[in-house]
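Visitor: I have a structure open and would like to talk it through. Can you start with the charged pairs and then move on to the helices?

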Amino acid sequence: MNRTQREAAVRRLMERGTPQVPADLYTDSVRRGSRMLRRRTAARRLMWLLLLAASVAFVVWALTARPWVEPPSTTTPPMTGW
């Protein structure tokens with residue numbers, strides 16, 4: 001298909017006019033859109049809840065394990081009685 005044939009095909013498509021849209025298309029699209037918004041909101045809230053739970057779990061672990069404190073050395077016995 002060369003350029004002139006493509007242009008002619010496009011012109012034919014544009015001259016046809018707009019196709020008829022079903023009457024219930026608007027209501028279906030609003031229903032689907034509101035459902036998508038509810039799902040997105042629920043997913044966003046779930047992610048925030050999971051982030052909060054992970055943060056609380058990390059803080060509790062850090063307070064109980066205290067990873068910033070150096071553990072006592074177990075390789076050398078204490079030197080007492082010199």
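**Salt bridges and helices**

Guide: This is a predicted model. The structure holds two salt bridges.

Visitor: Which residue does Arg-3 form a salt bridge with?

Guide: Arg-3 pairs with Glu-7, and the closest N and O atoms are 3.1 Å apart. Both residues lie in helix α1, four residues apart, which is about one turn of the helix.

Visitor: Is Arg-3 buried or exposed?

Guide: Arg-3 is exposed, because its relative accessible area is 60% and the cut-off for exposed is over 50%. Glu-7 has 32% relative accessibility, so Glu-7 counts as partly exposed.

Visitor: And what does the side chain of Arg-31 meet in a salt bridge?

Guide: Arg-31 meets Asp-28, at 3.2 Å from N to O. These two are in helix α2, three residues apart, again about one turn of the helix. Arg-31 is partly exposed at 39% relative accessible area, and Asp-28 is also partly exposed, at 23%.

Visitor: Why would such side chains pair at all?

Guide: Side chains of opposite charge can pair when their charged atoms come close.

Visitor: What follows α1?

Guide: Gly-17 follows α1, and the phi of Gly-17 is positive, near 105°.

Visitor: Then α2. How far does α2 reach from its first C-alpha to its last?

Guide: Helix α2 reaches 59 Å, close to the 60 Å expected at 1.5 Å a residue. It covers residues 25-65, which is 41 residues.

Visitor: What comes after α2?

Guide: Arg-66 comes after α2. Arg-66 has a positive phi of about 45° although it is not a glycine. Its relative accessible area is 44%, so Arg-66 is partly exposed.

Visitor: Change of topic: surface patches. Which residues form the positive one?

Guide: The positive surface patch is formed by Arg-32, Arg-35, Arg-38 and Arg-39. Of these, Arg-38 lies in helix α2. Arg-38 counts as exposed because its relative accessibility is 55%.

Visitor: What makes the nonpolar surface patch?

Guide: Leu-46, Leu-49, Leu-50, Leu-52, Val-56 and Val-60 make the nonpolar patch, which has an area of about 580 Å².

Visitor: Where is Leu-50 found, and is Leu-50 buried or exposed?

Guide: Leu-50 is found in helix α2. Leu-50 counts as exposed because its relative accessibility is 53%.

Visitor: What about Leu-52: where does Leu-52 lie?

Guide: Leu-52 lies in helix α2. Leu-52 is exposed, with a relative accessible area of 53%.

Visitor: How many residues apart in sequence are Leu-52 and Arg-31?

Guide: They are 21 residues apart in sequence, and 32 Å apart in space from C-alpha to C-alpha. Arg-31 is the residue that meets Asp-28 in a salt bridge, while Leu-52 belongs to the nonpolar patch.

Note on methods: Residues are numbered from 1 along each chain as its sequence is written. This is a predicted model: local features need pLDDT of at least 70, side-chain atom pairs count only at pLDDT 80 or more; totals for chains, interfaces and linings use all residues. Side-chain values use heavy atoms; hydrogens and water are left out. The expected span of a helix is 1.5 Å times one less than its number of residues. Patches are made of residues with over 30% relative accessible area and no salt bridge: like charges are joined within 9 Å, nonpolar side chains (Val, Leu, Ile, Met, Phe, Trp, Tyr) within 5 Å. Accessible areas come from the Shrake-Rupley method with a 1.4 Å probe; for residues, only the protein chains shown count as cover. A salt bridge is a side-chain nitrogen of Lys or Arg within 4 Å of a carboxyl oxygen of Asp or Glu. Lys and Arg count as positive and Asp and Glu as negative; His and the chain ends are not counted. The place of a charge is taken as NZ of Lys, CZ of Arg, CG of Asp or CD of Glu. Buried means under 20% relative accessible area, exposed over 50%, partly exposed in between (1.4 Å probe, protein chains only).
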